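Subject: A structure to look through, with notes

Dear colleague,

I am passing on a structure that I would like you to open beside this message. Please look at it first, and then read the notes below it.

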Amino acid sequence: MTSEQEIGDLPPGGAARAPEKVSDELEGWLRGDQPKTLGGLIDVFGERSFAIAFVLLMALPALPLPTGGATHVLEIVTVLLALELIVGRREIWLPDRFKRIELAGGSREKFIKALLGRIRWFERFSRPRGQRLLGLRLTRAVFGLVVAGLTVSAFLAPPFSGLDTLPSIGVVMLGLGILLSDAVLAGAGVVVGALGVVAVIGLGSLVA
């Protein structure tokens with residue numbers, strides 16, 4: 001394995017085969033007997049859990065609904081995971097209290113199914129692009145840095161303003177771009193997230 005391939009959850013550069021469908025993997029996890037917690041997701045998906053966790057954790061803040069700070073715990077966990085990427089961790093470490101966060105089941109089941117539908121929509125139009133770029137070691141740290149910046153922006157958005165939506169959507173799209181080996185989708189997520197940061201900075205004081 002070359003140095004460009006040893007990046008854990010990111011796809012190997014130059015891989016010829018198409019990646020497995022993320023939606024099918026998540027659906028299999030939902031139908032399985034494993035705990036539907038963040039810790040259960042880490043146990044099943046291993047090193048790929050970074051990108052998958054970003055998608056699931058930030059999908060709720062990405063909804064075009066004012067949350068009033070109810071999603072702050074999810075954003076804190078996302079920033080912690082992003083920092084682990086930045087410092088070069090290949091496996092997720094989390095305190096036990098965070099591992100017990102429920103990602104599915106009960107009232108969230110309908111939300112997760114709707115999310116799977118959105119992921120399948122992206123899968124229809126996405127294809128492996130820029131795999132060599134995504135396979136670089138530096139990409140891992142940059143991925144974490146961008147996710148941390150967008151998530152902090154969402155966290156700092158005024159409550160009930162809805163301004164956390166765009167930065168959160170950016171994180172979700174970026175995570176999907178990494179999972180689908182699609183640098184174009186990942187780049188689009190960065191652009192959407194950057195627009196959200198501008199909105200938070202420019203409109204946040206007015207809303208507050």
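Is the crossing of H1 and H2 left-handed or right-handed? Before I come to that, please note that this is a predicted model, in which local features need pLDDT of at least 70 and side-chain atom pairs count only at pLDDT 80 or more, while totals for chains, interfaces and linings use all residues. Residues are numbered from 1 along each chain as its sequence is written, and side-chain values use heavy atoms, with hydrogens and water left out.

The crossing of H1 and H2 is right-handed, a term used when the near helix is turned clockwise from the far one by less than a right angle, with left-handed used when the turn is anticlockwise. The axes of these two helices come within 11 Å and cross at roughly 125°, where axes are lines fitted to C-alpha atoms, for helices over the stretch in contact, and angles run from 0 to 180 degrees between N-to-C directions. H1 and H2 are therefore oblique to each other, given that angles under 35 degrees count as roughly parallel, over 145 as roughly antiparallel, 65 to 115 as roughly perpendicular and the rest as oblique. At this crossing, Glu25, Leu26 and Trp29 of H1 meet Gly40, Leu41, Val44 and Phe45 of H2, contact being defined as heavy atoms within 4.5 Å.

The whole chain

The protein chain has 10 helices and 0 strands, where helices (H or I, at least four residues) and strands (E, at least two) are DSSP runs numbered from the N terminus. Of its 208 residues, 46% are buried, which is to say under 20% relative accessible area, with exposed meaning over 50% and partly exposed in between (1.4 Å probe, protein chains only). Among contacts between residues at least 6 apart in sequence, 76% join residues at least 24 apart.

As for confidence, the mean pLDDT of the chain is 81, and 81% of its residues reach 70 or more; pLDDT is the predictor's confidence in each residue, from 0 to 100. Over residues 1–9 the pLDDT is below 50, although this stretch has 26 contacts in the model beyond near neighbours in sequence. Residues 11–19 also have a pLDDT below 50, and there the model shows 16 contacts beyond near neighbours in sequence. Where pLDDT is low, the predicted coordinates should not be read in detail.

Helix H2 and its neighbours

H2, which spans residues 38–45, is mostly covered, with 6 of its 8 residues buried. Those buried residues are Leu38, Gly39, Gly40, Leu41, Ile42 and Phe45, and they pack against H1 (22–31), H3 (49–59), H4 (72–86) and H5 (96–99). After H2 comes Gly46, whose phi is positive, near 60°.

H2 and H3 pack at an angle of about 145° with their axes 9 Å apart, and H2 passes H3 in a right-handed crossing. Here Leu38, Leu41, Ile42 and Phe45 of H2 meet Ser49, Ile52, Ala53 and Leu56 of H3.

H3 in turn packs with H4 at an angle of about 160°, their axes being 10 Å apart. That makes H3 roughly antiparallel to H4, and the crossing is left-handed. The residues of H3 that meet H4 include Phe50, Ala53 and Phe54.

Arg120 lies in helix H6 (residues 109–125) and is partly exposed, with a relative accessible area of 30%. Arg120 and Val22 are 98 residues apart in sequence but 8.2 Å apart in space, C-alpha to C-alpha. Leaving aside neighbours within four places in sequence, Arg120 is in contact with Ser23, Asp24 and Glu27.

Ser181 is found in the loop between H9 (165–179) and H10 (183–207), and counts as buried at 2% relative accessibility. Its phi is positive, about 60°, although Ser181 is not a glycine.

Gly193 is in H10 and, at 0% relative accessibility, counts as buried. With neighbours within four places in sequence set aside, Gly193 is in contact with Leu150, Leu166, Pro167 and Gly170. The C-alpha atoms of Gly193 and Val146, which are 47 residues apart along the chain, are separated by 9.0 Å.

With best wishes
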